[in-house]
Amino acid sequence: MTPILTAESLSVSFTRYGRGLSRVELPGIRDLSLTADPGQVTAVVGSSGSGKSLLAHAVLGILPRNSRMEGTLLYDGAPLSPRRAAALRGREIVLVPQGAGCLDPMMQVGPQIRRGRRGPEVRTQCRQALERYGLGPETETLYPFQLSGGMARRVLIASAVMEGPRLVVADEPTPGLDARAAGRLLSHFRELADQGAGVLFITHDLELALTVAHKVVVLYAGQTVEEVPAEGFRTEKGLAHPYSQALWRAMPRNGFQVLPGLQPEGLDLPEGCAFAPRCPGRRPECGRGQIPYIETDGGRARCLFPGEVSVS
Ligand SMILES: Nc1ncnc2c1ncn2[C@@H]1O[C@H](COP(=O)(O)OP(=O)(O)O)[C@@H](O)[C@H]1O
Ligand SMILES: [Mg+2]
């Protein structure tokens, strides 16, 4: 099966001009590799600043002008240039944005969902999309301020999926929702996958991701460090990268053991493995050169000693 989305050694960097026209390249994401299959929810998990939104924006072709993208990005097996992304955006590839702030406060819900399109067919589609997410036809005449947080989120997803997308990118869609509303939203993503779409569910919340994901991709400092079937997270031993293992130990059900230290930022990247300074099992080799992204049991990991390090 062709993945609906493939990223291989994708990087996004920013050019800043310093004093006297000196140019500085700031890495945003680097060496990001993943695949997302149709019919599956692929969770992309990482803490703040790890590159999640840049990934989403690269896929949608909406990176800022001062950024530079390198590496490979394929949609349905063919290169996804910003131009192709623009042509597919809003139809085949859709974004479920983070918050209701993305809705126009001055415009009723109905016209926003229809995005300027008219005619009886579009009206029916719009009603059906709302109905699918438990929103009655009266919702069309409401303004965003009249919606609760959960309703606004359902309006956003109804709007995104109205035309039957093949790739749904959801960038942190749950903050601010209570557990029940978040659960409902995630079950909608699962449904979209069951109907054949590829869903990229981007979140900092591993525990939430594991409730719906088929596969988990772990980001650290702008790099993918592990790609693993969700079952890998059942036990610490199911994981190959020490950072994934640390995330596992930090989950409430596994004792909330938080790893000391912070993810490096911007230009502050160490040589060798970016995680080495915090790694309980680091060895001298880890501080040198490039760390390859190698195949593991059912996935990939960016570690010279995958699965060997375990503190518990
Ligand atoms: N427009 C920009 N200019 C410079 N750096 C940026 C820009 N956008 C993002 N970055 C940097 O790229 C990194 C990843 O950002 P982002 O993808 O927003 O992280 P996340 O969504 O995981 O919190 C961060 O270090 C951030 O500072
Ligand atoms: Mg973000």
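1. Ser50 touches ligand 1 through its backbone: a polar backbone atom sits 3.2 Å from a ligand oxygen. Gly49 does likewise at 2.7 Å. For Leu54, a backbone N or O atom lies 2.9 Å from an oxygen atom of the ligand. The cut-off for a polar contact is a pair of N or O atoms within 3.5 Å.

2. The model is predicted; local features need pLDDT of at least 70, side-chain atom pairs count only at pLDDT 80 or more, and totals for chains, interfaces and linings use all residues. Residues are numbered from 1 along each chain as its sequence is written, chains are lettered from A and ligands numbered from 1 in the order written, and side-chain values use heavy atoms, without hydrogens and water.

3. Around ligand 1 stand Phe14, Arg16, Gly28, Ser47, Ser48, Gly49, Ser50, Gly51, Lys52, Ser53, Leu54 and Pro64 (a heavy atom within 4 Å of the ligand). By type, this shell has 3 nonpolar, 7 polar and 2 charged residues; Gly counts as polar. Helix α1 gives the most, with 3 residues.

4. How much of helix α8 (residues 242-250) is buried? Of its 9 residues, 8 are buried (under 20% relative accessible area, 1.4 Å probe, protein chains only). They are Pro242, Tyr243, Ser244, Gln245, Ala246, Leu247, Trp248 and Arg249. Helices here are DSSP runs of H or I, at least four residues; strands are runs of E, at least two.

5. What do the buried residues of α8 pack against? Their partners are β3 (41-45), α7 (206-212), β9 (215-220) and β10 (223-229), with contact meaning heavy atoms within 4.5 Å.

Notes: Buried < 20%, exposed > 50% of the residue type's maximum accessible area, 1.4 Å probe, protein only. Polar contact = N/O pair within 3.5 Å; in protein donor to acceptor, adjacent residues only side chain to side chain.
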